[in-house]
Amino acid sequence: MTGLCDSHLHTPLCGHASGTPREYAQAALDAGLAGLCFTDHMPMPRWYDAPWRMRLEQLPEYIAQIQAVQQEFAGRLDVRLGLEADLHPGTEKFVEQVLNMHDWDYVIGSVHYLGAWGFDNPEFVDEYEARDLTQLYRDYYALVEGAAKSGLFDSIGHLDLPKKFGHRDPEGYAALHALDVVAGQGLALDFNTAGWRKPVAEAYPAPDLVRAAAERGIPFVLGSDAHKPEEVGHRFTDAVKEIREVGGKVVTYKGRKQRG
Ligand SMILES: [Zn+2]
Ligand SMILES: [Zn+2]
């Protein structure tokens, strides 16, 4: 795993992760990674998904905690600081303000909600039975396209997330259209190995979408989406192999600029 960087990691500030930031950094060192970029769930307006993210007042604490880890691991591990942001219609202004509060290294844009439904929450998985999957994916990818066009984010998080519990896209066209938009906007994709730990047992994006993205020149940023230290760098060797087999490129972000 020499030279690799894990760019999708959480901290306990989001309320559903365990282990201290320094334990994540130590896990990255132990796994042989060159770096990591913390991307915890960003603060959002108070009415949105509040139990699953840090509050706005906690943002300085997040920055201070990661800066302490940067200092402690200086020269041994490249520790970067970013955010996993949410695209949710109506919140863009708030998101923009938070993104302007610090010089972030990397910002992932993720869609976790369709309307009021947190569709990746295991508690609400029943709702899939009430939905038409083709329409669900069309609605979802329309939001992803909005995220790509917003100009707020560097990459799209876990591209095909609604498959998490096994509800696959029956059609697939909406995803390909979204990839065209992602490519046109010059964004990267979060190659998110957490999918391998979920019921669907497949990384995000699916292999056919990895190929389609590579064909469009879209690069990938490796992310374990770790919510505990032992998940850092999860299956990165498999991830790199899969990306390289279809001619894809792995990049990282620093100061919101793409690095090879
Ligand atoms: Zn999370
Ligand atoms: Zn996410």
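Pro205 sits in the loop between strand S8 (188-192) and H6; helices here are DSSP runs of H or I with at least four residues, strands are runs of E with at least two, and both are numbered from the N terminus. The peptide bond that joins Tyr204 to Pro205 is cis, with omega at about -5°.

A word on conventions: this is a predicted model, in which local features need pLDDT of at least 70 and side-chain atom pairs count only at pLDDT 80 or more, while totals for chains, interfaces and linings use all residues. Residues are numbered from 1 along each chain as its sequence is written, and chains are lettered from A and ligands numbered from 1 in the order in which they are written.

Let us turn to S3. Eight of the nine residues of this strand (residues 78-86) are buried, so S3 is largely enclosed by the rest of the structure. A residue is called buried if 20 or more other C-beta atoms lie within 10 Å of its own, exposed if 12 or fewer do, and partly exposed in between, with C-beta atoms placed from the backbone.

Strand S2 (residues 35-41) runs parallel to S3 and is joined to it by seven bridges; strands pair if DSSP finds at least two bridges between them. From S2 the chain passes through helix H2 (residues 59-72) to S3, in a right-handed β-α-β crossover. Right-handed means that, with the strands pointing away from the viewer, the path from the first strand over the helix to the second runs clockwise.

S3 also pairs with strand S4 (residues 106-110), again in the parallel sense, over five bridges. Here Ala85 has Gly109 of S4 as its bridge partner. A right-handed β-α-β unit is made by S3, helix H3 (residues 92-99) and S4.

## Two helix pairs

Helix H1 (residues 21-30) packs on H2 at an angle of about 40°, and their axes are 9 Å apart. Axes are lines fitted to C-alpha atoms, for helices over the stretch in contact, and angles run from 0 to 180 degrees between N-to-C directions. H1 and H2 are therefore oblique to each other: angles under 35 degrees count as roughly parallel, over 145 as roughly antiparallel, 65 to 115 as roughly perpendicular and the rest as oblique. Pro21, Arg22 and Ala25 of H1 make the contact with Gln65, Ile66, Val69 and Glu72 of H2; contact requires C-beta atoms, placed from the backbone, within 7 Å.

Helix H5 (residues 173-185) and helix H6 (residues 207-215) cross at roughly 30°, and their axes come within 10 Å. That makes H5 roughly parallel to H6. The crossing of H5 and H6 is right-handed, and Ala175, Leu176 and Leu179 in H5 meet Leu209, Ala212 and Ala213 in H6.

## Residues worth a look

Two aspartates have a positive phi. Asp49, in the loop between S2 and H2, has phi of about 55° although it is not a glycine. Asp49 counts as partly exposed, because it has 16 C-beta neighbours inside 10 Å. Asp225, in the loop between strand S9 (220-223) and helix H7 (236-245), has a positive phi near 55°. With 24 other C-beta atoms within 10 Å, Asp225 is buried.

Ala142 belongs to helix H4 (residues 133-149). Its C-alpha atom is separated by 7.4 Å from that of Ala178, 36 residues away along the chain.

Methods: Contact = placed C-beta atoms within 7 Å. Left-handed = near helix turned anticlockwise from the far one by under 90°.
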